Amino acid sequence: MGTKNRSFSLFFCKLYDIRKKRMKLFKKIPNPREIRQKLGLNQQEFWNKVGVTQSGGSRYESGREIPKAVRELVRLVHIDRIDLTKIKRDDLIVAAMLKAQYPDLYKSLKKSAKLK
């Protein structure tokens, strides 16, 4: 296995561990309508950002079970406020490599990013 593939595999193993821990916090999104309203978005604006139609989002807001993938996207986009259009695969690989090879630098940069 090449270095690039090993790094990529390492990244996804760590991502899985992180997601497993975080999924406990976000098993359910109790009220997506409340989140949407707090953000001041209409249904189309809110749900289109995660690839769901307005009518599908309306059903979720009315109590239909939200699939895990959609819940995770809602969390990333609307709760964690991550612009998925700006994230590239290479950026994630570099971040995983930085964390694995230079953990102190990674922690320092992460701490600096939280202060902004």
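1. Which helix is His 78 found in? His 78 belongs to helix α5, which runs over residues 68-79. The model discussed here is predicted, and the points below start from the overall fold before returning to this residue.

2. Overall make-up. The protein has 7 helices and 0 strands, and along the sequence the pattern reads α-α-α-α-α-α-α. Of its 116 residues, 23% count as buried. Taking contacts between residues at least 6 apart in sequence, 53% join residues at least 24 apart.

3. Helix α2. This helix covers residues 32-39, and Pro 32, Ile 35 and Arg 36 are buried in it. These residues lie on the same side of α2, because they cover an arc of only 95 degrees around the axis. As background, an α-helix has 3.6 residues a turn, so residues three or four places apart point the same way. The face turned away from the buried side of α2 carries Gln 37 and Lys 38, which are exposed.

4. What α2 packs against. The partners of the buried α2 residues are α3 (43-48), α4 (54-61) and α5. Just after α2 comes Gly 40, with a positive phi of about 70 degrees.

5. His 78: buried or exposed? His 78 has a relative accessible area of 5%, and therefore counts as buried, the cut-off being under 20%. Its side chain reaches the backbone oxygen of Phe 46 at 2.9 Å, a distance that falls within the 3.5 Å limit for a polar contact.

6. Surroundings of His 78. Setting aside neighbours within four places in sequence, His 78 is in contact with Ile 35, Leu 39, Leu 41, Phe 46, Lys 49, Val 50 and Leu 73. Among these, Ile 35 is one of the buried residues of α2, and Phe 46 is the residue whose backbone oxygen the His 78 side chain reaches.

7. The second largest pocket. Which residues line the second largest pocket? The lining is made up of Leu 39, Leu 41, Lys 49, Val 77, His 78, Arg 81, Ile 82, Asp 83 and Leu 84. By class, 5 of the lining residues are nonpolar, 1 is polar and 3 are charged. The space in this pocket comes to about 170 Å³.

Definitions and conventions
Residues are numbered from 1 along each chain as its sequence is written. This is a predicted model: local features need pLDDT of at least 70, side-chain atom pairs count only at pLDDT 80 or more; totals for chains, interfaces and linings use all residues. Side-chain values use heavy atoms; hydrogens and water are left out. On a 1 Å grid over the protein atoms alone, a cavity is a set of points where a 1.4 Å probe fits but cannot get out, and a pocket is an open set with protein on both sides within 12 Å along at least five of seven lines; lining residues have an atom within 4 Å of a point. Grid points are joined across faces, edges and corners, and a volume is the space filled by probe spheres set on the points. Ala, Val, Leu, Ile, Met, Phe, Trp, Tyr, Cys and Pro count as nonpolar, Asp, Glu, Lys and Arg as charged, and the others, Gly among them, as polar. Helices (H or I, at least four residues) and strands (E, at least two) are DSSP runs, numbered from the N terminus. Buried means under 20% relative accessible area, exposed over 50%, partly exposed in between (1.4 Å probe, protein chains only). A polar contact is a pair of N or O atoms within 3.5 Å; within protein, one must be able to donate a hydrogen and the other to accept it, and residues adjacent in sequence count only if both atoms are side-chain atoms. Contact means heavy atoms within 4.5 Å. The arc is that of the directions from the helix axis to the C-beta atoms.
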